[in-house]
Amino acid sequence: TTPSSPTTSPPEATAVVLQAASLLLDYPADSETDLALIAEALAEVSGGEAGSRLTRFIRWWDDLTPREREVAYVRTLELGAGVSLYLTSERSRDKRHRGQELIRFQDTYREHGWETCSSELPDYLPMVLEFAAAAPAGVELLAGEQGALRTLHDHLEASASPFADVIAAILAILENPGRAKNQEGPGARESTDDRERIRAREPAEGREQAERPERAERREHAGGREHAETGQSASQRRRPQ
């Protein structure tokens with residue numbers, strides 16, 4: 001997804017936290033996520049509880065191999081009981097009502113010059129987070145989904161999943177909007193540059209969507225044998241304290 005130069009953005013730390021969460025909740029493609037850059041951007045802003053939770057998650061995530069990340073992601077966020085990254089899926093069982101909800105998201109994007117270039121539905125949480133990192137209207141859209149986010153967090157927390165920290169970070173931003181503020185001083189410009197760099201994940205020109213495994217293929221792949229290097233699935237690792 002890419003914005004068309006929004007005229008205003010959320011406070012700097014809020015934008016960095018939301019963009020980082022967007023990247024961390026998307027499917028873990030090696031070429032698209034620079035964990036060191038995300039950690040650096042978080043360190044340069046005063047993100048409070050939200051920043052601390054994301055930093056803890058990154059430490060755990062960075063310790064996994066690419067294969068382990070895929071397994072953990074699919075088993076937790078795509079196959080986990082009661083877990084969905086589609087914000088309206090649980091409350092919109094009726095197809096017509098769900099369609100109206102999705103149109104509402106899509107209309108909000110378009111009203112603010114945001115054109116999606118993804119096959120995902122418009123209520124896909126990483127997409128909403130990326131929009132919220134660029135425009136206050138996105139933060140408002142996200143704030144309206146706090147009930148869905150709390151439900152998602154509770155399911156992840158119940159299974160001791162480290163992903164619960166990412167959702168908790170989002171909720172901390174929404175519940176305490178004044179806690180994450182713009183950083184003042186010499187590091188502020190560097191922080192803005194990092195936010196732009198971690199936001200830049202539009203596919204390169206000519207790159208096909210087919211390069212990213214389809215959902216069914218990912219599930220089948222993750223359902224195979226455990227990674228030979230560890231003898232233990234990534235989803236069974238405990239969250240770092």
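Pro28 touches Trp61, Arg69, Glu70 and Tyr73, not counting residues up to four places away in sequence. The model in which these contacts occur is a predicted one. Pro28 is located in the loop that links H1 to helix H2 (35–43). With a relative accessibility of 10%, Pro28 counts as buried, because the cut-off for burial is under 20%. Pro28 is also 9.8 Å from Ala72, C-alpha to C-alpha, although 44 residues separate Pro28 and Ala72 in sequence.

The protein chain contains 11 helices and zero strands. Read from the N terminus, its elements follow the order α-α-α-α-α-α-α-α-α-α-α. The chain has 241 residues, of which 50% count as buried. Where contacting residues of the chain are at least 6 apart in sequence, 75% of the contacts join residues at least 24 apart.

Helix H1 (residues 12–25) packs with helix H3 (residues 48–62) at an angle of about 30°, and the two axes are 11 Å apart. Angles under 35 degrees count as roughly parallel, and H1 and H3 are therefore roughly parallel to each other. The crossing of H1 with H3 is left-handed. On the H1 side, the contact is formed by Val17, Ala20, Ala21 and Leu24. On the H3 side, Ala50, Gly51, Leu54, Phe57, Ile58 and Trp61 take part. Sorted by class, this contact of H1 with H3 comprises nine nonpolar residues, one polar residue and no charged residues.

H1 packs with H9 as well, at an angle of about 150° and with the axes 10 Å apart. Since angles over 145 degrees count as roughly antiparallel, H1 and H9 are roughly antiparallel to each other. H1 and H9 also form a left-handed crossing. The residues of H1 that meet H9 are Thr14, Val17, Leu18, Ala21, Leu24 and Leu25. Their partners in H9 are Phe163, Val166, Ile167, Ile170 and Ile173. The contact of H1 with H9 divides into 10 nonpolar residues, one polar residue and no charged residues.

The largest nonpolar core has 59 residues, and the members that touch the most other members are Trp61, Leu125, Leu142 and Ile170. Helix H9 (residues 163–175) supplies the largest share of this core, with 10 residues. Ile170 is in contact with Ala21, Leu25, Leu125, Leu129, Leu142 and Leu149, leaving aside residues up to four places away in sequence.

His153 is part of helix H8. The relative accessibility of His153 is 16%, so His153 counts as buried. Apart from residues up to four places away in sequence, His153 touches Ala164, Ile167, Ala168 and Leu171.

Ala160 lies in the loop between helix H8 (146–158) and H9. Ala160 has a positive phi of about 55°, although Ala160 is not a glycine. At a relative accessibility of 21%, Ala160 counts as partly exposed, because burial requires a value under 20%.

Notes: Residues numbered from 1 in each chain as written. Predicted model: local features only at pLDDT ≥ 70, side-chain atom pairs only at ≥ 80, totals over all residues. Heavy atoms only, no water. Core = buried A, V, L, I, M, F, W, Y, C linked by side-chain atoms within 4.5 Å. Buried < 20%, exposed > 50% of the residue type's maximum accessible area, 1.4 Å probe, protein only. Helix = DSSP H or I, 4+ residues; strand = E, 2+ residues; numbered from the N terminus. Contact = heavy atoms within 4.5 Å. Axes fitted to C-alpha atoms, helices over the stretch in contact; angles between N-to-C directions. Parallel < 35°, antiparallel > 145°, perpendicular 65-115°, else oblique. Left-handed = near helix turned anticlockwise from the far one by under 90°. Nonpolar A, V, L, I, M, F, W, Y, C, P; charged D, E, K, R; others polar.
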